[in-house]
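Have a look at the sequence and the structure first.

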Amino acid sequence: NRRLTITCLDIDNGDATLLQLPNGKKIIVNTGNRKNEILPAFLKSKGIKTIDLLVITNTHPNFYQGLELLNKNFRIEKVVVPNDPYSNLFSYSTKTIALNSSEILKINSSGIKLAIISMSNKKSHSNSLMVKVVYDNFLMVLAGSLDDLSSLDKSLPEITVLKPSYYEPAAWDKILNLVRIKNLVISAQRGNPERLKNLAGQNKLKIYNLRTDGALTITVSNGKITLRPELKESFASGRNGFY
């Protein structure tokens, strides 16, 4: 099986993404808050019992407290977190690797190159993690903070999918001037959506909003990339759309 499948889940607070590698390994980026029952339910529906790697990109509770539910129902082999001595994140798992600022953890598996980079973010957090996933002609960046994107440079290849997990207001025009992005995945209602919509049109950027489009499934197989929104009315009902 040469297929990489990535599912960006539609949850109420925080962020949760599942990566299913061609060799069967399962990687989760963020868990949502402690009330997030969507992630455990989704994993059970897929028959998943073991999480090979869990990455927490941000030390805000909305991104790691979902570990409480995961610990009760799944075997978690390893957890990678940003090193923040002021967070109680370390109390959630004994199998934790803490990355200090500017440290990089690289994993190569079944042709997939995964890099977990610890970013310095003095504005809002001591540091956060950025995850880069490369597979053939596909590049996905999961950023712990929009501020992290300011560290990217124009030498970076075109980003197939960008998914920032922390949605403080950002200068999107500056970011889009720094890097080329084909698809943007968001789930927040903060910032200036009209400005972002205009910039998306100017930069041929496709926006997927998890709050209105539902979960997003991304598949990469034999060089073919497919993005498919999967609207779940039970999850999306009663929410205010990003637009």
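A salt bridge here is a side-chain nitrogen of Lys or Arg within 4 Å of a carboxyl oxygen of Asp or Glu. By that rule, the count comes to six salt bridges. Keep in mind that this is a predicted model, where local features need pLDDT of at least 70, side-chain atom pairs count only at pLDDT 80 or more, and totals for chains, interfaces and linings use all residues. Residues are numbered from 1 along each chain as its sequence is written, and side-chain values use heavy atoms, with hydrogens and water left out.

**Charged pairs**

Side chains of opposite charge can pair when their charged atoms come close.

(Strands are DSSP runs of E with at least two residues, helices are runs of H or I with at least four, and both are numbered from the N terminus.)

As for burial, "buried" means under 20% relative accessible area, "exposed" over 50%, and "partly exposed" in between, using a 1.4 Å probe and protein chains only. Lys163 counts as buried at 1%, and Asp15 does too at 3%. Arg75 is partly exposed at 48%, as is Glu77 at 29%. Arg228 comes in at 42%, partly exposed, and Glu230 at 24%, also partly exposed.

**Around β3**

Strand β3 covers residues 26–29, with Lys26 and Ile28 pointing one way, Ile27 and Val29 the other, and all of them buried. Two strands pair if DSSP finds at least two bridges between them. β2 and β3 pair in the antiparallel sense over four bridges, with Val29 as the bridge partner of Thr17. Five residues sit between the strands of this hairpin, and Gly24 takes a positive phi near 95 degrees. β3 also pairs with β5 (residues 53–55), this time in the parallel sense over three bridges; there, Val29 stands opposite Val55.

**The whole chain**

Zooming out, the protein chain has six helices and 17 strands. Of its 243 residues, 53% are buried.
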